[in-house]
Amino acid sequence: MGGEWAMVKCDCGRHFGSRGNSKGSCPRCNNSRGLVIIKKYSSSAKLREEVSKANTPLEIIEEITIRLRNYEKSIRRDVNISSNNIDRILSLATLEDSTITIDSLGVSIQKLGIKGMSAQDLIESLEASSIILRKTNDTWSVLQ
Ligand SMILES: [Zn+2]
């Protein structure tokens, strides 16, 4: 055996470091079965270097893409949960020319007594979900 620092490979193709005979669980897919100790090293620095070489840049990019996709999903979910409220806020906040502003959003959030959401946060979520589109610096068009 080459030392107490182990390079472990998961079924999913991800390599990661572990100490001693414990394999831990995969940092990408959280799997703790199907893990194989590939090689052991006597120093943690050497292990780290070999692990980053073993994980090709392509795999890292895939991992980041998956994380980003999950992040975007969670934003949409936030918006969907309160979609009833969003409809009410939007219909109150929409001005005569079919636009909304941070001020008009803020007023309708207050009128409806909705807590835990600022007009700024809401604008960002709505923009991210393509429910509204920025028109000028402080006005947005409602796309629905
Ligand atoms: Zn894995």
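Modeller: K9 is buried, because 20 other C-beta atoms lie within 10 Å of its own, and the cut-off for buried is 20 or more. Keep in mind that this is a predicted model.

Biologist: In which strand does K9 lie?

Modeller: K9 belongs to strand β1, residues 5-9.

Biologist: Which residues is K9 in contact with, leaving aside its neighbours within four places in sequence?

Modeller: Those residues are H15, V36 and I38. There is also a C-alpha distance to note: K9 and I37 are 28 residues apart along the chain, and their C-alpha atoms are separated by 6.3 Å.

Biologist: Where is N30 found, and where is S98?

Modeller: N30 sits in the loop between β2 (15-19) and β3 (36-41). S98 is in the loop between α3 (83-93) and β4 (99-100).

Biologist: Is N30 buried or exposed? And S98, buried or exposed?

Modeller: N30 is exposed, because its count is 9 other C-beta atoms within 10 Å and exposed means 12 or fewer. S98 is exposed as well, with 9 other C-beta atoms within 10 Å.

Biologist: Now strand pairing. How many bridges join β5 to β6?

Modeller: There are 4 bridges between β5 (residues 132-136) and β6 (residues 139-142), and the two strands run antiparallel. R134, for instance, has W140 in β6 as its bridge partner. The two strands form a hairpin, with 2 residues between them.

Biologist: Last, helix packing. What describes two packed helices?

Modeller: The description uses the angle between their axes and the distance between the axes. Here, helix α4 (residues 102-111) packs against helix α5 (residues 119-128) at an angle of about 110°, and the axes are 9 Å apart. The angle therefore makes α4 roughly perpendicular to α5. Their crossing is right-handed.

Biologist: Which residues make the contact of α4 with α5?

Modeller: From α4 they are I102, L105, G106 and I109, and from α5 they are A119, Q120, L122 and I123. By class, the contact has 6 nonpolar residues, 2 polar and no charged.

How values were computed
Residues are numbered from 1 along each chain as its sequence is written. This is a predicted model: local features need pLDDT of at least 70, side-chain atom pairs count only at pLDDT 80 or more; totals for chains, interfaces and linings use all residues. Two residues are in contact if their C-beta atoms, placed from the backbone, lie within 7 Å. Two strands pair if DSSP finds at least two bridges between them. Axes are lines fitted to C-alpha atoms, for helices over the stretch in contact, and angles run from 0 to 180 degrees between N-to-C directions. Angles under 35 degrees count as roughly parallel, over 145 as roughly antiparallel, 65 to 115 as roughly perpendicular and the rest as oblique. A crossing is left-handed if the near helix is turned anticlockwise from the far one by less than a right angle, and right-handed if clockwise. Ala, Val, Leu, Ile, Met, Phe, Trp, Tyr, Cys and Pro count as nonpolar, Asp, Glu, Lys and Arg as charged, and the others, Gly among them, as polar.
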